[in-house]
Amino acid sequence: MTTPQQKSNSAIRARLRPPLAGLGIAGLAAAGLCTQASAESVDSEIVLLVDIVRPELSNSEFNRLMDGYAYAFTSSQVINSIQSGVFGSIAVSMMFYGESSLQVVGVPWMRVSNAAEAQTFASLVRNIGRPNSFAYSNPGAALTAATASFGTETGHAGNGFESQAQIVEVASAGIPTSSMAASTAAASDNALASGVDLINAMALGNFSSSINNFYSANVIGSTIDGVP
């Protein structure tokens, strides 16, 4: 049975948004947000979910992608956007994925609220070790793992942070097999139903058109009013 939310999610999967689009909604958290005493309040929590399957993503492409993340997070535009939120901070983590059983945390959850913390994140990203995976990537399994990492907002063990905006930013250079479409779409719908607010995607490499088609149809979505 298709719920109204699932119908809305399917309609939203009309196009891919720019990478790190979620950073523009850092101010979504409202004043007076109730959080657990042990959790730090931030404006949004972002998982950078990166497909590292070879040979679709070469080592040089991987390094350029990490440099791109580092540059983005240390840019004045992004830092100003983060600091414009209610709490003036976000939490971010990076997770790598490949075949069904491969979801590896590259950068654990950390706060970014100023230039110094952004530089720390950038240094971690630029010096990160790349896991190996040569099988077809499984974005559905990766979305499930990313959803669990948000912690209490998605019904799992706390990650040390709480916010009103949970965002997944996917980057992929691989084309999943057509047989994965249904399970991937189901994982996306389940993520949004569980509490994830935005799933965005960025196509990399030589097969970007086909990747765009798959991720537009089966991955991206939002429950945020006014996000097309």
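The model is a predicted one, in which local features need pLDDT of at least 70 and side-chain atom pairs count only at pLDDT 80 or more, while totals for chains, interfaces and linings use all residues. Residues are numbered from 1 along each chain as its sequence is written, and side-chain values use heavy atoms, with hydrogens and water left out. Helices (H or I, at least four residues) and strands (E, at least two) are DSSP runs numbered from the N terminus, and the protein has seven helices and eight strands.

**Helix H5 and Ser149**

- Ser149 lies in H5, which covers residues 139-149, and Ser149 counts as buried because its relative accessible area is 18%.
- The side chain of Ser149 reaches the backbone oxygen of Ala146 at 2.7 Å, within the cut-off for a polar contact (a pair of N or O atoms within 3.5 Å; within protein, one must be able to donate a hydrogen and the other to accept it, and residues adjacent in sequence count only if both atoms are side-chain atoms).
- When residues up to four places away in sequence are not counted, Ser149 touches Val47, Met95, Trp109 and Asn159, a contact being defined by heavy atoms within 4.5 Å.
- H5 is followed by Gly151, whose phi is positive, near 90 degrees.

**Aromatic pairs**

- A search of the whole structure finds four aromatic pairs, where rings of Phe, Tyr and Trp (its six-membered ring) pair if their centres lie within 6.5 Å, and planes under 30 degrees apart count as stacked, over 60 as edge-to-face and the rest as tilted.
- One of these pairs is formed by Phe62 and Phe96, and it is tilted, with 5.7 Å centre to centre and 55 degrees between the planes.
- Because Phe62 lies in helix H2 (residues 59-74) and Phe96 in strand S3 (residues 90-97), this pair ties together parts that are 34 residues apart in sequence.
- Phe62 is buried, with a relative accessible area of 3%, and Phe96 is likewise buried, with a value of 1%.
- The rings of Trp109 and Phe150 have their centres 5.7 Å apart and their planes at 50 degrees, so the pair is tilted.
- This pair links distant parts of the chain, with Trp109 in strand S4 (residues 103-112) and Phe150 in the loop between H5 and strand S5 (161-162), 41 residues apart.
- Both Trp109 and Phe150 are buried.

**Salt bridges**

- Side chains of opposite charge can pair when their charged atoms come close.
- The count comes to three salt bridges, each defined as a side-chain nitrogen of Lys or Arg within 4 Å of a carboxyl oxygen of Asp or Glu.
- Glu40 forms a salt bridge with Arg111, the closest N and O atoms being 3.1 Å apart.
- That pair links distant parts of the chain, with Glu40 in strand S1 (residues 40-41) and Arg111 in strand S4, 71 residues apart.
- Glu40 is partly exposed, with a relative accessible area of 29%, and Arg111 also counts as partly exposed, at 34% relative accessibility.
- The side chains of Arg111 and Glu117 meet in a salt bridge at 2.6 Å, N to O, and Glu117 is buried, with a relative accessible area of 15%.
- Salt bridges that share partners join Glu40, Arg111 and Glu117 into one network.
- Asp67 forms a salt bridge with Arg126, in which the closest N and O atoms are 3.3 Å apart.
- Because Asp67 lies in helix H2 and Arg126 in helix H4 (residues 115-126), the pair ties together parts that are 59 residues apart in sequence.
- Asp67 counts as partly exposed at 38% relative accessibility, and Arg126 is partly exposed with a relative accessible area of 45%.

**Whole protein**

- Buried residues make up 54% of the 228 residues in the protein.
- Among contacts in the protein with a separation of 6 or more, residues 24 or more positions apart account for 80%.
- The accessible surface of the protein, from the Shrake-Rupley method with a 1.4 Å probe (for residues, only the protein chains shown count as cover), comes to about 9,600 Å², of which 53% belongs to carbon and sulfur atoms.

Key
Buried < 20%, exposed > 50% of the residue type's maximum accessible area, 1.4 Å probe, protein only.
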